[in-house]
Amino acid sequence: MRIAFSPIYRYALPKGHRFPMDKYELLPEQLLYEGTITPKAFFGPESLPEAAILRTHTPEYWEKLSTNTLSRKEARAIGFPMRPELIARGRVIAQGTLDCARYAMADGVALNIAGGTHHAFADRGEGFCVFNDIAIAANELLHRGEIHQALVVDLDVHQGNGTAKIFEDDPRVFTLSFHGAKNYPGRKMNSDLDHGFPDKTGDELYLSTLYAILPDLLDRLRPDIVFYLSGVDILETDKLGRLSCSLAGCRERDRFVFQSCYDRNLPVAVSMGGGYSERLATIVEAHANTYRMASSIYE
Ligand SMILES: [Zn+2]
């Protein structure tokens, strides 16, 4: 089981704000400490080549990113200070998702300790997303003929609006999004299959919907690769999510996705996605469960 780890970039935050990258450091430490993985699982992705960026993002958007000339409004939509180091980190993360897809096709599963930046559109970023890592990976693999059909299983609590829009007219990438109907983004795009849940949904409804939809979809589509966006902002403790799922429910969700793909011999590349619980330990625990489940099913 291979795991992509991209270098962390630390930047100054307004007083009282918790550093948003803490979980990306703590998660691998926890997984190593408890023995879920060994150090040899990790690899450091390179920087994504420009040609691969341009298969998903527009030349105008990439020009603004690479010359640091986004307008204030465009930068504000993304939501963090636009620094060259953050663009550089985004490129490495996107390459990590592409690498994970290739490792998954060889080994069954591979996971990125980052990624899932599904609010990035072809021509703009928003919601803390600059590059759409899953779209970039899917487009690159399609371009090179390494896959013919991909499935995006986006279970982050926020709709994968950027991914939905990018693949709106492309049948080679099927987009499934489970999300809070009242969660960001206010204006949803059309995925191939959207399921918007009411506030305080809870485990039972959430999981029964997953059980009803995913196996049929996998059987019908038989994708060459499944991109799984495993955001843990479905938790009841999440500050941004509204779905009220438990830690055990979130773990069961991960188990079911992996087991369903494993049983059908379908490779899974995981991008981490969001998690905004009050306690950092809860966030790390919920994300760690994804890696534990992958490890227990595939090894
Ligand atoms: Zn999210």
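**A walk through the predicted model**

Let us start with helix α1: what covers its buried residues includes β2 (42-43), α5 (84-107) and α10 (280-298). This is a predicted model, where local features need pLDDT of at least 70 and side-chain atom pairs count only at pLDDT 80 or more, while totals for chains, interfaces and linings use all residues. Residues are numbered from 1 along each chain as its sequence is written, and side-chain values use heavy atoms, with hydrogens and water left out. Helices (H or I, at least four residues) and strands (E, at least two) are DSSP runs, numbered from the N terminus. Buried means under 20% relative accessible area, exposed over 50%, and partly exposed in between (1.4 Å probe, protein chains only).

Staying with α1, its buried residues are Asp-22, Lys-23, Tyr-24, Leu-27, Pro-28 and Leu-31. The 13 residues of this helix (residues 22-34) should span 18 Å at 1.5 Å a residue, and the end C-alpha atoms are 18 Å apart, which agrees; the expected span is 1.5 Å times one less than the number of residues. After α1 comes Gly-35, with a positive phi near 85 degrees.

Asn-68 has a phi of about 55 degrees although it is not a glycine; it lies in the loop between α3 (59-66) and α4 (72-78) and counts as partly exposed because its relative accessibility is 45%. Ser-244, also not a glycine, has a positive phi of about 60 degrees. Its place is the loop between β7 (225-229) and α9 (247-263), and at 23% relative accessibility Ser-244 counts as partly exposed.

Asp-156 is buried at 2% relative accessibility, and His-158 is buried at 6%.

Glu-126 is next, in the loop between β3 (109-112) and α6 (133-143). With 14% relative accessibility, Glu-126 counts as buried. Its side chain makes a polar contact of 3.0 Å with that of Asn-161 and another of 2.8 Å with that of Tyr-184. A polar contact is a pair of N or O atoms within 3.5 Å; within protein, one must be able to donate a hydrogen and the other to accept it, and residues adjacent in sequence count only if both atoms are side-chain atoms. The peptide bond from Tyr-184 to Pro-185 is cis, with omega near -5 degrees, and Pro-185 lies in the loop between β5 (173-180) and β6 (193-197).

Finally, the cysteines. The structure holds zero disulfides, a disulfide being a pair of cysteine sulfur atoms within 2.5 Å. Cys-129 is in no disulfide, and the nearest cysteine sulfur, that of Cys-100, is 17 Å away. Cys-129 is buried at 4% relative accessibility. The sulfur of Cys-261 is 15 Å from the closest cysteine sulfur, in Cys-100, too far for a bond.

Conventions: Contact means heavy atoms within 4.5 Å.
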